[in-house]
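Student: Could you walk me through reading this fold? I would like the general idea of each feature, then the case at hand.

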Amino acid sequence: MSMKSMTVFCGSSTGNDPIYMEVARELGQKLAHEQITLVYGGAQVGCMGAIADACLAANGNVLGVIPEKLKHVEIAHPGLTQLHVVKSMHERKALMADLADGFVALPGGAGTLEEWFEVFTWAQLGYHQKPCCLLNVNRYFDPLIAMLDHIIEQGFMKPAYRDMIIIASTVDQFIDALKCYAPRHKAKWG
């Protein structure tokens, strides 16, 4: 499956360990190098700003999507290839989903998790067959992965859905996984 664009969910904060900003920059550069358009939340702060700046500096295309209300809170990035200003978070997420061939979460807070889980849920329900990935920088997502395993053990999710998630520890692993991605949707009911 050819990836022309990738939605990245990540923090508008920097996190406490410099590795989070480093990996955000590395991913931005790699997306530009692979000619994959970055789709993200449109901010110029935190990991969001770092990935956009790095992608732009490497001559990549960056599409930002930001709600009017957050334009000044998250500080809309002025130098993007294209910035879409929308009315609500619902519109933001829908447009980011429509613009992307896949989704990846870098470390971030509740918003990052909420956005990623929404597109992962849509994949489970068969609304799309795009890859849903976690870039497990600094083992950040280990507790989340353990929670998913717990959900399966308790009978609230099929193991096949857990298997749909691409989990990579490095940017190179993530890009390699994308290159050999094949949709693996299983019907939720049936």
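**Reading the fold**

Tutor: Start inside. Leu 27 is found in helix α1 (residues 18–33). Helices here are DSSP runs of H or I with at least four residues, strands are E runs of at least two, and both are numbered from the N terminus. This is a predicted model: local features need pLDDT of at least 70, side-chain atom pairs count only at pLDDT 80 or more, and totals for chains, interfaces and linings use all residues. Residues are numbered from 1 along each chain as its sequence is written, and side-chain values use heavy atoms, with hydrogens and water left out.

Student: Which residues is Leu 27 in contact with?

Tutor: Contact means heavy atoms within 4.5 Å. Leave aside neighbours within four places in sequence; Leu 27 then touches Val 8, Ile 51, Val 104, Leu 106, Leu 135, Val 171 and Phe 174. Take Phe 174: it sits 147 residues from Leu 27 along the chain, yet their C-alpha atoms are separated by 9.3 Å.

Student: How do I read the sheet?

Tutor: Ask which strands pair. Two strands pair if DSSP finds at least two bridges between them. Here seven strands form an open sheet with parallel pairing, in the order β4-β3-β2-β1-β5-β6-β7. The edge strands, each pairing on one side only, are β4 (82–86) and β7 (165–168). From one strand to the next, the twist averages 20°.

Student: How many bridges join β6 to β7?

Tutor: Four, and β6 (residues 132–135) runs parallel to β7. Leu 135 has Ala 168 in β7 as its bridge partner.

Student: Which helices pack on the sheet?

Tutor: Angles come from axes, which are lines fitted to C-alpha atoms, for helices over the stretch in contact; they run from 0 to 180 degrees between N-to-C directions. Helix α2 (residues 46–57) packs on the sheet and touches β1 (5–9), β2 (37–40) and β3 (62–67). The direction of α2 makes about 160° with that of β2. Helix α4 lies across β1, β2, β3, β4 and β5 (103–105), at about 160° to β3.

Student: And a pair of helices?

Tutor: Two packed helices are described by the angle between their axes and the distance between the axes. The axes of α4 (residues 89–99) and α5 (residues 110–124) come within 11 Å and cross at roughly 55°. The two helices are therefore oblique to each other. The cut-offs: under 35 degrees is roughly parallel, over 145 roughly antiparallel, 65 to 115 roughly perpendicular, and the rest oblique.

Student: Which residues of α4 and α5 meet?

Tutor: Met 89, Arg 92, Lys 93 and Ala 97 in α4 meet Glu 114, Glu 115, Glu 118 and Trp 122 in α5.

Student: What should I check in loops?

Tutor: Check phi. Asn 138 is in the loop between β6 and α6. Its phi is near 60°, a positive value in a residue other than glycine. Asn 138 is partly exposed, at 41% relative accessible area. Arg 139 lies in the loop between β6 and α6 (142–153), and phi of Arg 139 is near 60°. Arg 139 is exposed, at 63%.

How values were computed:
Buried < 20%, exposed > 50% of the residue type's maximum accessible area, 1.4 Å probe, protein only.
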